[in-house]
Each structure stands twice: as C-alpha cells, then as structure tokens.
Amino acid sequence: MKFLKDLKADLNTEPDDDKKLLDLGSCELHTLHCAFKSSVQKTGWNIMPFLRAVYNLFKESPARRALFTSVTTSSVFPKKYCVVRWLQNAEVAQRAIELIPMLMLFVEEIEKTETISSQSYKIVSEAIADPLLSAKLEFFRGSSL
C-alpha cells in the first residue's frame, strides 16, 4: 500500500503530465470478478442459474444420476459452479457444453415417463430449449479464461 501511495504522489507532482494511474483498489482480482459478474448478468442469458441448476439437479439424487446414466450411457456429470470465483468457471461451462446433447436426451425421457417438480429441473429444461445455449456458454467460457 505504501508503494501505491508513493507512486500516486510521484505521478501527481508533475502538473503538465497526463499520466494517470488506474487504481482498482487493494484487491484487483475481486474487482475483476465483480466486473465479470456484472457483465454476465447484464446479458440476460441466465447462464449462472443454468450452471447452478444443472449441477444441483444431480448433486444429491442417486436416482436421477442413475436415470441419466441409463438414458445417456454417460457417467459424466456437471461440475460445481462457484458463485464467487467467476473467472474459475471456464471448466464448469466447458463441461456443461459437452453435456447439452445428453441433457436434451435426459429431459426428453423425463417428459415421456415422469414429472420432476424441482426448480433445478425447470431451469435446465427451459435452458436447453434455447438453440443458442451452446454459443452463450462458449462465450461465457471464453470470457472466463
């Protein structure tokens, strides 16, 4: 903090100089995380609720996991979305992109045979109906790198 204070004082001593220091505060990473969060929310794409819901759909439900595995023949499940570490969710988005075709099969099977009343299922089923979901997740993933 002393170095930053001295640097600001040094830059301010020359009145004709247009040099400015962009001060992001004491935690620049936190500022970047908040800026990324804000930009993702402003898109209105509902990426964050989808990534949370797709993980929670299978999190503590062995029956759903078994049904998913039997319908899709895949034992790969979504990764956990971290609400506070925005820039570390690239792997989460990548896994979700890979799972979209399997999630479509899963939802199609559920619609035929039974009803799931969970909020997570509702969010996932609405999200995968969006033909641009993969593109939106890819954009999110690329921005997270």
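**Two loops, then the helices**

Start with Asn-46, which sits in the loop between α2 (28-43) and α3. Helices here are DSSP runs of H or I with at least four residues, strands are runs of E with at least two, and both are numbered from the N terminus.

A word on what you are looking at: this is a predicted model, in which local features need pLDDT of at least 70 and side-chain atom pairs count only at pLDDT 80 or more, while totals for chains, interfaces and linings use all residues. Residues are numbered from 1 along each chain as its sequence is written, and side-chain values use heavy atoms, with hydrogens and water left out.

Back to Asn-46. Its phi is near 60 degrees, a positive value in a residue other than glycine. Most residues other than glycine have a negative phi. Asn-46 counts as exposed because its relative accessibility is 53%. The terms are these: buried is under 20% relative accessible area, exposed is over 50%, and partly exposed is in between, with a 1.4 Å probe and protein chains only.

Thr-73 is in the loop between α4 (62-72) and α5. Thr-73 is not a glycine, yet has a positive phi of about 55 degrees. With 72% relative accessibility, Thr-73 counts as exposed.

Now the whole chain. The protein has seven helices and zero strands. Of its 145 residues, 30% are buried. Take contacts, meaning heavy atoms within 4.5 Å. Among those between residues at least 6 apart in sequence, 67% join residues at least 24 apart.

Is Met-48 buried or exposed? Met-48, in helix α3, is buried, because its relative accessible area is 7%. Beyond its neighbours within four places in sequence, Met-48 is in contact with Val-40, Gln-41, Tyr-81 and Trp-86. Met-48 and Val-83 are 35 residues apart in sequence, and 8.2 Å apart in space from C-alpha to C-alpha.

Next, a helix pair. Two packed helices are described by the angle and the distance between their axes. The axes of α5 (residues 90-113) and α6 (residues 119-128) come within 10 Å and cross at roughly 115 degrees. Those axes are lines fitted to C-alpha atoms over the stretch in contact, and angles run from 0 to 180 degrees between N-to-C directions.

Which residues meet there? Leu-103, Met-104, Val-107, Ile-110 and Glu-111 in α5 meet Tyr-121, Ser-125 and Ile-128 in α6. By class, this contact has six nonpolar, one polar and one charged residues. Ala, Val, Leu, Ile, Met, Phe, Trp, Tyr, Cys and Pro count as nonpolar, Asp, Glu, Lys and Arg as charged, and the others, Gly among them, as polar.

Ser-120 also lies in α6. Ser-120 counts as buried because its relative accessibility is 16%. Leaving out residues up to four places away in sequence, Ser-120 touches Ala-53, Asn-56 and Leu-57.

Last, the largest pocket. Its lining residues include Trp-45, Asn-46, Phe-50, Ile-123 and Lys-136. The elements that give two or more residues to this lining are α3 (47-59), α6 and α7 (133-144). Helix α6 gives the most, with three residues. A pocket, on a 1 Å grid over the protein atoms alone, is an open set of points where a 1.4 Å probe fits, with protein on both sides within 12 Å along at least five of seven lines, and lining residues have an atom within 4 Å of a point. The lining divides into six nonpolar, one polar and three charged residues.
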